[in-house]
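Visitor: I would like to look closely at a single part of this model, and then see how the rest of the chain is arranged around it. Please take the account slowly, and give the cut-off for each term as it comes up.

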Amino acid sequence: MPNRDIALDLLLLPTWLVPVEPAGVVLREHGLGIRDGHIVFIGPRAEALKYRATEIRELPDTLLTPGLINAHGHAAMTLFRGLADDLPLMTWLEKHIWPAEAKWVDEAFVRDGTDLAIAEQIKGGITCFSDMYFFPKVASERVHNSGMRAQVAIPILDFPIPGAQNADEAIRQGVELFGDLKHHPRINITFGPHAPYTVGDENLEKIRIIAEELDAAIHMHVHETAHEVQQSVEQHGERPLARLARLGLLGPRFQAVHMTQISDDDLALLVETNTSVIHCPESNLKLASGFCPVERLWQAGVNVAVGTDGAASNNDLDLLGETRTAALLAKAVAGSATALDAHRALRMATLNGARAMGLESQVGSLEIGKAADLTAFDLSGLAQQPIYDPVSQLIYATGRDCVKHVWVAGKQLLDDRCLTRLDEHQLGATARDWARRISGHHP
């Protein structure tokens, strides 16, 4: 417990506080104290008010939770939002997205698209996100300037991509960026081999060795579609996950994104290696890629986090909406109404995301000593009444428009629904300018 003689920087007094750890707890009329960007006090309101504080914020009708963690996305792809909808994955990629990327993606595109994504995510209560896109150094600069927290995965493919002529160049850039940012308080660099069908064994081996040397995570699309699995069996004589296991990539630092196709053998590999799964239900639904069996994974002890994927295939970066979809879909897939209840869904969108990224000692729950990454939801609206369990209301009856305040490391990035560091009107104007250029409709 902190010394009461030393003032708190900020004391928050919400109606409800959900720490996420311990699980299933809702604290009513409690306060949360912040000093030097960290949580130093959680306790009853009467105790909280005994502290001196530079600022005290009363938050009536408000639910305070850990900041939401978006465990998979492609931030700059916000500028391709709605460009090629209602298409299957490979058609969408090969005929539309890859040609558009080849034509348009440069440092300016990544700068503007990442800024737009960061703003949208902050307004949606997200405090930390995983990004896997081209020009990762530019994306890292945008994250640094925004005050947000992020995992930036270096995209690696066997063929040339914007910003890297080949896999070796991408890996070299990744190692350099990892070194530059290894002491950054809010940015983690990881390696992002795109998918088993775009990266061969030789480059996967290189990535495994470097990731092990640096103790870095690996973030990869795996088992996104049945076609991907079938193709791998035909070409390699094994399923993609088995191939990754054979190459030594799976483990607690490996983040397997999508995993819509899971056999008994796949499940055993995930459990045995302690690999995390990142579930992106809305993108998988929209591209008709399949259903990740979340409840089956959860009951087997697999860490499952949730991600929005990119805005080009979702089409929003709304993690609260994504989590609601995940909870509903989990019930349908499991054939059980008790699958992925509201409290576990919130845990998936917070602490499980932190665990997948190796950040669980810093963020993901409201605990003494952790960084003050917080989201305050306004539950005063008619659509949220009456409130029996605020977490159920949050997951099943609340939209991201109820996000009122957001803090990262104790610094406020959203104040009464207004961005504190980014210019919303400028971001909108810039996005519209890109749309005119990309669609060829010049004013």
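Which residues does UniProt list for "binding site"?

Guide: The UniProt record, an unreviewed entry, lists Glu101, His194, Glu224 and Asp309 under that heading; UniProt positions are given here in the numbering of this model, with feature names shortened, and such annotations may be inferred rather than shown by experiment. The model is a predicted one, in which local features need pLDDT of at least 70 and side-chain atom pairs count only at pLDDT 80 or more, while totals for chains, interfaces and linings use all residues. Residues are numbered from 1 along each chain as its sequence is written, and side-chain values use heavy atoms, with hydrogens and water left out.

Two of the listed residues can be followed in detail. Glu101 sits in helix α2 (residues 89-104), where helices (H or I, at least four residues) and strands (E, at least two) are DSSP runs numbered from the N terminus. With a relative accessible area of 6%, Glu101 is buried; the term means under 20% relative accessible area, with exposed meaning over 50% and partly exposed in between, for a 1.4 Å probe and protein chains only. When residues up to four places away in sequence are not counted, Glu101 touches Met77, Phe80, Tyr133, Phe134 and Pro162, a contact being heavy atoms within 4.5 Å.

Asp309, by comparison, is placed in the loop between β13 (304-306) and α12 (319-334), and at 4% relative accessibility it counts as buried. Its contacts, leaving aside neighbours within four places in sequence, are His72, Gly73, His74, His258, Cys280, Ser283 and Leu317.

Phe80, one of the residues that Glu101 touches, leads on to the packing of the chain. Together with Phe109, Phe80 has the most contacts inside the largest nonpolar core, which has 111 residues; such a core is a set of buried Ala, Val, Leu, Ile, Met, Phe, Trp, Tyr and Cys residues joined through side-chain atoms within 4.5 Å. Helix α3 gives the most to this core, with seven residues. Domain 1 (8-66 + 372-409) and domain 2 (74-357) both contribute residues, so the core lies between them; these bounds come from an automatic or database domain assignment. Beyond its neighbours within four places in sequence, Phe109 is in contact with Ala76, Leu79, Phe80, Trp104, Tyr133, Trp434 and Ile438, and Tyr133 is also among the residues that Glu101 touches.

The C-alpha centres of the two domains lie 30 Å apart, and their contact takes 27 residues from domain 1 and 28 residues from domain 2. A UniProt annotation, again from an unreviewed entry, names residues 64-412 as "domain: Amidohydrolase-related". Over that range the chain is 43% helix and 17% strand, and the end C-alpha atoms are 14 Å apart.

Asp115 and Arg142 meet in one of them, at 3.0 Å from N to O. Asp115 belongs to helix α3 (residues 107-123) and Arg142 to helix α4 (residues 136-146), so the pair ties together parts that are 27 residues apart in sequence; both residues are buried. Arg81, Glu120, Asp318 and Arg400 are linked in a network of salt bridges.

Within helix α6, Glu205 pairs with Arg208, their closest N and O atoms being 3.1 Å apart; the two are three residues apart, a separation of about one helical turn. Glu205 is partly exposed at 30% relative accessibility, whereas Arg208 is one of the buried residues of α6, which also include Asn203, Leu204 and Ile207. Among the elements that cover those buried residues are β8 (149-156), α5 (167-181) and β9 (187-193). The helix is followed by Asp215, whose phi is positive, near 55°.

The peptide bond from Glu21 to Pro22 is cis, with omega near 0°, and Pro22 lies in the loop between β1 (10-17) and β2 (27-28). Another cis bond joins Gln385 to Pro386, with omega about -15°; Pro386 is in the loop between β14 (374-378) and α15 (390-397). Asp61, in strand β5 (residues 56-66), has a positive phi near 55° although it is a residue other than glycine.

How values were computed
Salt bridge = Lys/Arg side-chain N within 4 Å of Asp/Glu carboxyl O.
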